Amino acid sequence: MNYDSLLNRTALRIPPSGIRRFFDIAAEMEDVISLSVGEPDFPTPWHVRDVAIDSLQKGRTGYSPNRGFTALCREICGYYSRRFGLDYDFRSEIVVTVGGSEAIDLAIRTLVNPGDEVLVPQPSFVCYDPIARLAGARTVPLVTRREDEFRLTAQALRERITDRTRLLILPFPNNPTGAVMRREHLEEIAAVLRGTDIFVLADEIYSELTYNGQPHVSIASLDGMKERTVVVNGFSKSYAMTGWRLGYALGPAPIIAVMTKVHQYAIMCAPTTSQHAAIEALRNGDEDILKMRDEYDMRRRLIVRGFRELGLDCFEPEGAFYVFPSIAATGLTSEEFCERLLREKHVAVVPGNAFGACGEGFIRVSYAYSTAHINEALRRIGQFLKENNLL
Amino acid sequence: MDAILTILNDNPRLSNAEIAAMTGMTADEVGERIAAYERSGVLCGYKTIINWEKLERTDKVTAIIELKVTPRKDTGFEAIAEEVMGFDEVESVSLMSGGYDFSVCVTGRTFQEIALFVAKRLAPLDSVTSTTTTFVLKKYKEDGVILSSQSDERGADVIE
């Protein structure tokens, strides 16, 4: 069969991830030291796992309501209220999803029509563009720059708004740059959006991982923004629960109702063992978050210092668990740098252009690893730069 | 607890400058604090964890010896502990609650050597009333470090 002529054309046209190649190379090497994985290196806190085990032992293995267990919806709304000062109705303004990823998928499919334009600040997480394309929309990249500390500026936003603009993705704290939008920066964005028909998808999955004493601010908490914003969050990063696949979306009831309808047909409900665990995480997990954040913060400072000592320009990230140093001074492209580093020194990092064309000249390095692991990787990167006279 | 101690406990090979960056202090301050901890005996040493099995060495054997003793009238358990920890073969000595008094970790080149050490040196000590020797067959975790390598398919191809 000629699959290329038969399969869905939009799905076929989505480019394969450029990083696949690196994983294939790395898979064949021994002693690869990787700083490429974007997930916590902590296991899920024990008390959370324990509650999940208990729910299994008691045979609580059926479906939940489509939108999630009521107890969980209440806990999530309570959490957003106490942490970010945002009040949502647990009966109508929340849907629990399979990871933040499903919430992003539902939100985009619900908020855009074919031909609409979706504004995506870049560099950013890789899923927005493919999902927007599958919904028949077109992605318009908004370049964020090192000199703006990788924040989205009102000017960059204003320049790209057209009659067809329907949705702005706001992925902060940002993967891969670690950039954070503080209240004053969000105010500037909100000022552009108020009075328009543009929605915001605030991907706040890293909201608990901010440093320098700057707690996360949700754009939905700004005047006039809640009515046009869908907030996406989840348990993966804050509670080290990546494999549990549990997230949620919060937003105006009419939007959530449609998202829940799509969710109902595509997914039915999020995994219920994970939902039981998440209730425990929200009730008794505040200390776990703080402990992990303090640990990431120390590693963040260590790795920023490390890259600067090596002579690479490294923006100090204020959120998430990535650094995004510039490798432009080496004269190599991001992909050349990463491939040679992997082949010559067996260190795996991710080329910046995987997160949008404007990520060229940078690499994404995760510091969700032990200090010994980080220092060994830095030592090998130092050797790589020196032996090849790259600086 | 002081972050310096937590950091060193996890990775004693970090330099003062690195610890300074991690904690927001200066390298000199870190150096002074570490020196103070060393002087006061809070920091007693820096240990290497070697997985001897990886080297396929057959000349290192470890045993845990349960020691029952009669405490002495004036010095209680202290003097006995001092005697036991004086032997080079002894890696660690702890006073225990429960069915016996001291747990003594001993290393030697062969089972025979350890058996002889127990018979000729430990058992004959005044106050020692009985010994039970248990040999270590395989170490899985030491000082919080997992020695046996585990492999799982941890999101190897996930871009998150």
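# Strands, domains and a chain contact

Me: How many bridges join strand S6 (residues 199-203) of chain A to strand S7 (residues 229-234) of chain A?
Reply: Strands here are DSSP runs of E, at least two residues long, and helices are runs of H or I, at least four, both numbered from the N terminus. Two strands pair if DSSP finds at least two bridges between them. S6(A) and S7(A) run parallel, and the number of bridges joining them is 4.

Me: Which pLDDT do local features need in this model?
Reply: Residues are numbered from 1 along each chain as its sequence is written, while chains are lettered from A and ligands numbered from 1 in the order in which they are written. The model is predicted, so totals for chains, interfaces and linings use all residues, side-chain atom pairs count only at pLDDT 80 or more, and local features need pLDDT of at least 70.

Me: In what order do the 7 strands of the open sheet of chain A stand?
Reply: The pairing in this sheet is mixed. Its edge strands are S2 (94-97) and S4 (138-143) of chain A, each of which pairs on one side only. The twist from one strand to the next averages 20°.

Me: What angle does the direction of helix H5 (residues 70-84) of chain A make with that of S2(A)?
Reply: H5(A) packs on the sheet and touches S2 and strand S8 (247-250) of chain A. Axes are lines fitted to C-alpha atoms, for helices over the stretch in contact, and angles run from 0 to 180 degrees between N-to-C directions. For H5(A) and S2(A) the angle is about 110°.

Me: What is the radius of gyration of chain A?
Reply: This value is taken over C-alpha atoms, and the globule rule is 2.2 Å times the number of residues to the power 0.38. With 391 residues, a compact globule would come out near 21 Å, and chain A agrees, because its own value is 21 Å.

Me: Which element gives the most to the side of domain 1 of chain A that touches domain 2 of chain A?
Reply: Domain bounds come from an automatic or database domain assignment, which gives domain 1 (3-44 + 287-387) and domain 2 (60-284). Two residues are in contact if their C-beta atoms, placed from the backbone, lie within 7 Å; 34 residues of domain 1 of chain A are in contact with 33 of domain 2 of chain A. H2 (9-13), H12 and S9 (322-323) of chain A each supply at least two residues to the domain 1 side. The most, 7 residues, come from H12(A).

Me: Is Asp286(A) buried, exposed or partly exposed?
Reply: Asp286(A) lies in helix H12 (residues 286-309) of chain A. A residue is buried with 20 or more other C-beta atoms within 10 Å of its own, exposed with 12 or fewer, and partly exposed in between, C-beta atoms being placed from the backbone. Asp286(A) has 14 such neighbours, so the residue counts as partly exposed.

Me: Which element gives the largest share of the side of chain A that touches chain B?
Reply: 14 residues of chain A are in contact with 12 residues of chain B. H12 and helix H14 (371-387) of chain A are the elements that give two or more residues to the chain A side. The largest share, 4 residues, comes from H12(A).
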